[in-house]
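The following exercises ask the reader to describe a protein structure step by step. Each task is followed by a worked solution.

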Amino acid sequence: MTDWNDYAHDVISGKITASKWINLACQRHLDDLQDGHTRGLWVDDQDADRFIQFFERFLHHTKGKWAGQRFLLLPWQKFAVASIFGWKKDDGSR
């Protein structure tokens, strides 16, 4: 897994200060890594990484001082993208 799991661990450990809701999302993510399979959930790391790489490879800023530069995701953004595209149900749906 990529550093999107590191972000969740850092939030829960207090290394990264976050809101109550972000803390809950990170805790649920970590809990689901342990026992999500009992509810038919699993993480497709390759899909999660593929979408993160898509953002960073193909998306560019179009205006302002960063125009033309690649859109590099911050750790919290990687966590959000990976959570959306990485978690799946047993049937492969999101």
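**Exercise 1. Locate Asn5 and decide whether Asn5 is buried or exposed.**

Step 1. Asn5 lies in helix 1; helices (H or I, at least four residues) and strands (E, at least two) are DSSP runs, numbered from the N terminus.

Step 2. The relative accessibility of Asn5 is 7%, so Asn5 counts as buried. Buried means under 20% relative accessible area, exposed over 50%, and partly exposed in between (1.4 Å probe, protein chains only).

Step 3. Apart from neighbours within four places in sequence, Asn5 is in contact with His29 and Leu33. Contact means heavy atoms within 4.5 Å.

The model is predicted: local features need pLDDT of at least 70, and side-chain atom pairs count only at pLDDT 80 or more, while totals for chains, interfaces and linings use all residues. Residues are numbered from 1 along each chain as its sequence is written, and side-chain values use heavy atoms, with hydrogens and water left out.

**Exercise 2. State how many helices and strands the protein chain has, and in what order the elements run.**

Step 1. There are 4 helices and 2 strands in the protein chain.

Step 2. Read from the N terminus, the order of the elements is α-α-β-α-α-β.

Step 3. Along the principal axes, the C-alpha atoms of the protein chain fill a box of roughly 45 × 35 × 20 Å. Of the 94 residues in the protein chain, 30% are buried.

Step 4. Taking contacts between residues at least 6 apart in sequence, 55% join residues at least 24 apart.

**Exercise 3. Describe how helix 1 packs against helix 2.**

Step 1. The axes of helix 1 and helix 2 are 9 Å apart, at an angle of about 120 degrees. Axes are lines fitted to C-alpha atoms, for helices over the stretch in contact, and angles run from 0 to 180 degrees between N-to-C directions.

Step 2. Helix 1 is therefore oblique to helix 2. Angles under 35 degrees count as roughly parallel, over 145 as roughly antiparallel, 65 to 115 as roughly perpendicular and the rest as oblique.

Step 3. Helix 1 and helix 2 form a left-handed crossing. A crossing is left-handed if the near helix is turned anticlockwise from the far one by less than a right angle, and right-handed if clockwise.

Step 4. On the side of helix 1, the residues that meet helix 2 include Trp4, Asn5 and Ala8; on the side of helix 2, Cys26, His29 and Leu33 are among them. By class, the residues of this contact are 9 nonpolar, 5 polar and no charged. Ala, Val, Leu, Ile, Met, Phe, Trp, Tyr, Cys and Pro count as nonpolar, Asp, Glu, Lys and Arg as charged, and the others, Gly among them, as polar.

Step 5. The loop between helix 1 and helix 2 holds Ser19. Ser19 counts as partly exposed because its relative accessibility is 38%.

**Exercise 4. Describe the contacts that helix 4 makes with helix 1 and with helix 3.**

Step 1. The axes of helix 1 (residues 3-13) and helix 4 (residues 75-86) come within 8 Å and cross at roughly 110 degrees. Helix 1 is therefore roughly perpendicular to helix 4.

Step 2. The crossing of helix 1 past helix 4 is left-handed. Asp3, Trp4, Tyr7 and Ala8 in helix 1 meet residues of helix 4 that include Trp76 and Phe79. This contact of helix 1 with helix 4 has 7 nonpolar, 1 polar and 2 charged residues.

Step 3. Helix 3 and helix 4 have axes 8 Å apart, at an angle of about 130 degrees, and are therefore oblique to each other. Helix 3 passes helix 4 in a right-handed crossing.

Step 4. Among the residues that meet here are Phe51 and Ile52 in helix 3, and Val81 and Phe85 in helix 4. The contact of helix 3 with helix 4 is made up of 7 nonpolar, 1 polar and 3 charged residues.

**Exercise 5. Identify which residues have the most contacts inside the largest nonpolar core.**

Step 1. A nonpolar core is a set of buried Ala, Val, Leu, Ile, Met, Phe, Trp, Tyr and Cys residues joined through side-chain atoms within 4.5 Å.

Step 2. The largest such core has 15 residues, and Trp4, Cys26, Ile52 and Phe79 have the most contacts inside it. At least two residues of this core come from each of helix 1, helix 2 (20-35), helix 3 (45-58) and helix 4. Helix 1 supplies the largest share, 4 residues.

Step 3. Leaving out residues up to four places away in sequence, Trp4 touches, among others, His29, Ile52 and Phe79.
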